[in-house]
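Please look at the sequence and the model below before reading on.

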Amino acid sequence: MEISVLIPAYNAGAHLLSALATVENQTRLPDQVIIVDDGSSDETFAIATKWANTSPLNGIVLRQQNGGVSTARNSALARCDTALAAFMDSDDLLMADHIQTLEAVFEADPGLAFAFGDQQEFNEAGDYPNTFHAGKKFLDCPFEERGGFRYLTSDVFPYLAAGNFVSTSASMVRMSAVTSSGPFDVTLPTSEDREFFLRLSRHGGVAYSRNVLARKRMHDSSLTESVGDLHVVRNSVLLLANVVENPDRYGIDAETQAICRELILENARGLVHGSSYLGLRAVADDVAWVLETTGEKIVPSLRERLRAFYHSILRGPGSA
């Protein structure tokens with residue numbers, strides 16, 4: 001089977017060549033590499049074009065106005081003409097056996113929609129202590145082990161709805177399944193990868209490897225601070241609300257729909273809890289947003305109200 005590597009790139013000049021070097025170093029080389037420059041203002045396009053013109057790999061470079069990572073991935077998917085596709089972020093690194101490992105599981109099971117491995121996060125100081133899969137609830141999902149892969153034998157949807165465990169840079173998809181399920185949802189600023197794989201899971205089987213297949217570069221600009229974290233939680237609530245409101249699109253039954261409603265409440269409570277560290281106005285705004293978005297009324301606890309009051313005083317006028 002032919003395989004493409006799809007790389008969205010935005011202002012990626014500092015790390016793109018390092019990422020591409022790990023593609024060239026694969027034990028099973030890809031048949032196609034599609035780089036989409038998403039309206040970069042740095043030298044990304046020039047670097048990508050020079051690489052495509054000099055690399056022994058079949059490199060294709062597309063350029064578009066800035067539309068976000070989902071738009072860029074969709075452009076790559078639209079250009080892709082291979083049976084399988086592996087996603088890769090432009091500053092991540094692939095382990096040398098990434099493509100070979102994932103290709104094997106698709107060859108062994110023609111009914112798979114997607115497969116993935118673990119990832120190791122790192123920054124300039126070194127590796128993070130835990131891998132992406134460490135402690136994730138999906139590890140409890142029933143599986144059948146064959147050829148070093150775990151083939152999930154229970155519905156993966158509720159596990160994935162509860163939280164993402166599929167690293168795009170450690171994943172591979174069957175393009176016929178993508179054609180059936182549809183591209184990335186460009187309306188979601190975050191959680192777009194989880195939403196994509198949720199739909200994809202309804203169009204075939206899922207398998208994973210416990211091996212680390214990618215290394216994810218973490219930056220100071222990554223969403224790790226409280227405001228960024230809350231932004232991610234809001235998008236998780238929005239995603240789950242869309243699932244509940246559109247059960248036919250996601251192919252879920254009443255039981256899974258009820259699970260997603262419980263997850264909405266869990267995430268909404270977490271959102272309000274996090275907002276209590278930002279002040280009374282933040283709590284009020286998020287309570288109102290949850291009600292408007294989901295119809296659920298979240299009542300902050302006394303502890304959360306007192307905390308919000310305390311942080312309003314600390315932050316001064318405008319936070320109360």
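**Backbone, helix packing and core**

S191 is placed in the loop between α6 (175-181) and α7 (192-200), where helices (H or I, at least four residues) and strands (E, at least two) are DSSP runs numbered from the N terminus. The model is predicted, so local features need a pLDDT of at least 70 and side-chain atom pairs count only at pLDDT 80 or more, whereas totals for chains, interfaces and linings use all residues. Residues are numbered from 1 along each chain as its sequence is written, and side-chain values use heavy atoms, with hydrogens and water left out.

**Positive phi angles**

- Most residues other than glycine have a negative phi.
- S191 is not a glycine, yet it has a positive phi of about 65°, and with a relative accessible area of 10% S191 is buried (buried means under 20% relative accessible area, exposed over 50% and partly exposed in between, with a 1.4 Å probe and protein chains only).
- N11, in the loop between β1 and α1, also is not a glycine and has a positive phi of about 45°, but N11 counts as partly exposed at 31% relative accessibility.

**Helix α2**

- The buried residues of helix α2 (residues 44-54) are T44, I47, A48, W51 and A52.
- These residues lie on the same side of α2 because they cover an arc of only 130° around the axis, the arc being that of the directions from the helix axis to the C-beta atoms.
- K50, N53 and T54, on the other side of α2, are exposed.
- The packing partners of the buried α2 residues are β1 (3-9), α1 (16-24), β2 (32-38) and β3 (59-64), with contact meaning heavy atoms within 4.5 Å.

**Aromatic pairs and charges over rings**

- Rings of Phe, Tyr and Trp (its six-membered ring) pair if their centres lie within 6.5 Å, and planes under 30 degrees apart count as stacked, over 60 as edge-to-face and the rest as tilted; by this rule the count comes to 12 aromatic pairs.
- F138 and F165 form a stacked pair, at 4.0 Å centre to centre and with 10° between the planes.
- F138 lies in the loop between β7 (126-131) and β8 (143-146) and F165 in the loop between α5 (157-162) and β10 (171-174), so this pair ties together parts that are 27 residues apart in sequence; both F138 and F165 are buried.
- The pair of F196 and F197 is edge-to-face, because the ring centres are 5.2 Å apart and the planes stand at 80°.
- A cluster linked by ring pairs consists of F87, F114, F116, F138, F165, F184, F196, F197 and Y208.
- The charged end of K136 sits over the ring of F132, 3.6 Å from its centre, and that of R146 sits over the ring of Y151, 3.7 Å from its centre (NZ of Lys or CZ of Arg within 6 Å of the ring centre and within 35 degrees of the ring normal).

**Nonpolar cores**

- The largest nonpolar core has 46 residues, and those with the most contacts inside it are F114, V173, F196 and L200 (a core is a set of buried Ala, Val, Leu, Ile, Met, Phe, Trp, Tyr and Cys residues joined through side-chain atoms within 4.5 Å).
- Helix α8 (residues 226-245) gives the most to this core, with 6 residues.
- A second, separate core of 33 residues includes L84, A86, Y151 and A207.
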